[in-house]
Amino acid sequence: MRQASLAPQLKQEPAPRPEHAEEPADRDADEVRNRMASLQRGWQRGREENASGDDTPNGTAQGTTKGDGR
């Protein structure tokens, strides 16, 4: 039987969406591209700031230990 191991609540049909639910906002491709570029610049800036203040010899971030999953 297909999907026999699914939890009972996952076997049920999804609830219908309310009529007043908001539709996702239409975004211009340029707006999305600019937002993602800004996000990437922020990540890069954070990496650089973390690396410049990091005196650990093995490259792990401060406050973490190698292999602890954080």
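How many helices and strands make up the secondary structure of the protein? Colour by secondary structure: there are 2 helices and 0 strands. Helices (H or I, at least four residues) and strands (E, at least two) are DSSP runs, numbered from the N terminus.

This is a predicted model, where local features need pLDDT of at least 70, side-chain atom pairs count only at pLDDT 80 or more, and totals for chains, interfaces and linings use all residues. Residues are numbered from 1 along each chain as its sequence is written, and side-chain values use heavy atoms, with hydrogens and water left out.

**Whole surface**

Show the surface. The protein exposes about 7,000 Å², with 50% supplied by carbon and sulfur atoms. Accessible areas come from the Shrake-Rupley method with a 1.4 Å probe; for residues, only the protein chains shown count as cover. Of the 70 residues, 3% count as buried. Buried means under 20% relative accessible area, exposed over 50%, partly exposed in between (1.4 Å probe, protein chains only).

**Salt bridges**

The whole structure holds 2 salt bridges. The criterion is a side-chain nitrogen of Lys or Arg within 4 Å of a carboxyl oxygen of Asp or Glu.

Select Asp30 and Arg33. Their side chains form a salt bridge at 2.5 Å, N to O. Both sit in helix 2, 3 residues apart, about one turn of the helix. Asp30 is partly exposed, at 44% relative accessibility.

Next, select Glu31 and Arg35. Here the salt bridge spans 3.6 Å, N to O. This pair also lies in helix 2, 4 residues apart, again about one turn. Glu31 has a relative accessible area of 36%, so Glu31 counts as partly exposed.

**Nonpolar patch**

Now select Val32, Met36, Leu39 and Trp43. Together they form a nonpolar surface patch with about 360 Å² of accessible area. Patches take residues with over 30% relative accessible area and no salt bridge; like charges are joined within 9 Å, nonpolar side chains (Val, Leu, Ile, Met, Phe, Trp, Tyr) within 5 Å.

Finish on Met36. Met36 belongs to helix 2, residues 29-52.
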